[in-house]
Amino acid sequence: MDGLLWLPVVALALAAPLMYPRWTLRRALARPLPPAAAAILQRNIPVYASMGPALQQQLQRLVKQFLHQKKFVGCEGLEVDDEMRYTIAGQACLLLLNRPSKVYRALHTILVYPSAFLVPRQQMDAGGVVTAHKQTLLGESWDDGRVVLSWADVKRGYRDWTDGHNVVLHEFAHQLDSESGSTNGAPYLGSQDSYRSWSAVLSRDFDTLRYDAYYGRQDSVLDHYGATSPAEFFAVATETFFEKPWQMADRHAALYEEFMKYYRVDPRAWLPQPQQPAGPESLQPEPVAAPAGAARRSYAIASW
């Protein structure tokens, strides 16, 4: 009989590690977003004001969960403040709107450098000789639960929301990509039909971008860095989808449709349609400006 009396205690002790995180998350989500935090989202996410109250509230809830579950670490003496936390969390959570997925389930740490940072690399030439060097990066996404960002380039990203270059959107697209089990440009889509459509459209546009990059064509809406690999193509196309939606929809209609189905938003509702210049020059495709700073890089190189 005494043993039976202990069963509820033992059951509670076993359940506590599972119940406590859920309880603390509910408490965090129940707290209103501080006015200063809402001001940061308004200031550093240029499309926030155009999203409408429902999406704004959804984004705020996602941000609260993100900040409750993820850890920020400053590097090279940088002290991470609320401006950095809410800016990065807000931009990262734009990718999660209207989607039932968890808030970057594998991610646990965001490392923030003051500016572009150096990382060691090894490169093998055709003869098999390995050479060590250092590469300058704006950001990195790792499949071990870490994202690395340059704060200077995060700021550069939100100060110009129309150039198609945003290091937060880029690196967190890689995090979504990796949730399928492999960072290869094909995130979790839910059905075989979705994968078939995704593969057909993205592989075609990826090959087109590789052609453009090889021949140095500067009239592509998509940054040539997307020609590096399918994983980078997905990340670059994500930046373009959120920052240059009208141009992407015009030049890559099928690709834009695939991204609308995946991200479940239409960023054209948040940004005015660009004005075409009058005269014959309006027929010319829009040139793509080269991204400032160093090239970004992912570790996934694969095929669809």
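The model is predicted, so local features need pLDDT of at least 70 and side-chain atom pairs count only at pLDDT 80 or more, while totals for chains, interfaces and linings use all residues. Residues are numbered from 1 along each chain as its sequence is written, and side-chain values use heavy atoms, with hydrogens and water left out. Helices (H or I, at least four residues) and strands (E, at least two) are DSSP runs, numbered from the N terminus.

**Strand 2 and its burial**

- Strand 2 spans residues 109-113, and five of its five residues are buried, so the rest of the structure largely encloses it.
- Buried means under 20% relative accessible area, exposed means over 50%, and partly exposed lies in between (1.4 Å probe, protein chains only).
- In a regular strand, side chains alternate between the two faces of the sheet.
- Here T109, L111 and Y113 point one way, while I110 and V112 point the other way.

**Partners of strand 2**

- Two strands pair if DSSP finds at least two bridges between them.
- Strand 1 (residues 71-74) pairs with strand 2 in the parallel sense, over four bridges.
- F72 stands opposite I110, and V73 stands opposite L111.
- From strand 1 the chain passes through helix 4 (residues 82-93) to strand 2, in a left-handed β-α-β crossover.
- A crossover is right-handed if, with the strands pointing away from the viewer, the path from the first strand over the helix to the second runs clockwise.
- Strand 6 (residues 146-150) runs parallel to strand 2, joined by five bridges.
- Within strand 6, L149 is the bridge partner of V112.

- A106 sits in the loop between helix 4 and strand 2.
- A106 is partly exposed, at 47% relative accessible area.
- A106 and D143 are 37 residues apart in sequence, yet 7.9 Å apart in space, C-alpha to C-alpha.

**Aromatic pairs and a cluster**

- Rings of Phe, Tyr and Trp (its six-membered ring) pair if their centres lie within 6.5 Å; planes under 30 degrees apart count as stacked, over 60 as edge-to-face and the rest as tilted.
- The structure holds 21 aromatic pairs.
- One of them is F234 with Y263, a stacked pair at 6.5 Å centre to centre and 5° between the planes.
- F234 lies in helix 8 (residues 230-243) and Y263 in helix 10 (residues 253-263), so this pair ties together parts that are 29 residues apart in sequence.
- F234 is buried, with a relative accessible area of 0%, and Y263 is buried at 0% too.
- F241 and Y263 are also stacked, at 5.8 Å centre to centre and 25° between the planes.
- F241 is in helix 8 and Y263 in helix 10, so this pair links parts 22 residues apart in sequence.
- One aromatic cluster takes in W198, F234, F241, F242, Y256, F259, Y262 and Y263.

**A nonpolar surface patch**

- Y211, Y214 and Y215 form a nonpolar patch on the surface, with about 440 Å² of accessible area together.
- Accessible areas come from the Shrake-Rupley method with a 1.4 Å probe; for residues, only the protein chains shown count as cover.
- Patches are made of residues with over 30% relative accessible area and no salt bridge; like charges are joined within 9 Å, and nonpolar side chains (Val, Leu, Ile, Met, Phe, Trp, Tyr) within 5 Å.
- A salt bridge is a side-chain nitrogen of Lys or Arg within 4 Å of a carboxyl oxygen of Asp or Glu.
- Y211 belongs to helix 7 (residues 192-214) and is partly exposed, at 47%.
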